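Jotting things down as I look them up.

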Amino acid sequence: MTNTETYNVNIVNTPWEICLVKELKIEQSNFYLGRTEPIYHRITITTACDKITFIRTFWHEVTHAYLTELGHYNNTLDVETICEVASIIQSTSDELAKILNKIVKAKYKDIKKENK
């Protein structure tokens, strides 16, 4: 991928890449915010969105990766399974939270701080 910033992470002890791009076009030129490719262990997220949307997209795509690694990617999940997956993500996501914070600080600088 050209013009890509890449971060390496472990999701359920499996190496994954998180790739940041300015624009993400998938399937007939439709615009998407993120994409998870289980076969390549790659998450691609666009930075062409506001900070809150980026954070939500980051965790949305990371959840797809966890579901893949836990064997639930194409399953319809019941409430207990959803809660179990959420608890696993929460208890193992320190590395991801640090990367997310690093990205947000670099890409979405606080406008108030910039004006000082």
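Predicted model: local features only at pLDDT ≥ 70, side-chain atom pairs only at ≥ 80, totals over all residues.

Ground rule before anything else: I take helices (H or I, at least four residues) and strands (E, at least two) as DSSP runs, numbered from the N terminus. Residues are numbered from 1 along each chain as its sequence is written, and side-chain values use heavy atoms, with hydrogens and water left out.

**Entry: overall layout**

I count 4 helices and 6 strands in the protein. Reading from the N terminus, I get β-β-β-β-β-β-α-α-α-α. Of the 116 residues, 34% are buried; for me buried means under 20% relative accessible area, exposed over 50%, and partly exposed in between (1.4 Å probe, protein chains only). Then contacts, meaning heavy atoms within 4.5 Å. Among contacts with a separation of 6 or more, 53% are between residues 24 or more positions apart.

**Entry: strand β2**

I picked two residues here. Cys 19 sits in strand β2 and is buried, at a relative accessible area of 3%. From Val 21 to Leu 33 I get 9.7 Å, C-alpha to C-alpha, at 12 residues apart in sequence.

**Entry: positive phi**

Which loop holds Val 12? I find Val 12 between β1 (5–11) and β2 (14–21). Its phi is near 50°, a positive value in a residue other than glycine. Val 12 counts as partly exposed because its relative accessibility is 33%.

His 41 went on the list too: not a glycine, yet phi is positive at about 55°. I place His 41 in the loop between β5 (34–37) and β6 (42–46). At 27% relative accessibility, His 41 is partly exposed.

**Entry: α1 against α3**

How do α1 and α3 cross? The axes of helix α1 (residues 51–69) and helix α3 (residues 94–107) come within 11 Å and cross at roughly 150°. My axes are lines fitted to C-alpha atoms, for helices over the stretch in contact, and angles run from 0 to 180 degrees between N-to-C directions. I call angles under 35 degrees roughly parallel, over 145 roughly antiparallel, 65 to 115 roughly perpendicular, and the rest oblique. So α1 and α3 are roughly antiparallel. On the α1 side the contact includes Phe 54, Phe 58 and Trp 59, and on the α3 side Leu 96, Leu 100 and Ile 103 are among the residues. The contact divides into 11 nonpolar, no polar and 1 charged. Classes I use: Ala, Val, Leu, Ile, Met, Phe, Trp, Tyr, Cys and Pro are nonpolar, Asp, Glu, Lys and Arg charged, and the others, Gly among them, polar.

**Entry: α1 against α2**

The axes of α1 and helix α2 (residues 79–92) come within 11 Å and cross at roughly 110°. That makes α1 roughly perpendicular to α2. I noted Trp 59, Thr 63, Tyr 66 and Leu 67 from α1, touching Val 85, Ile 88, Ile 89 and Thr 92 of α2. By class I get 6 nonpolar, 2 polar and no charged residues.
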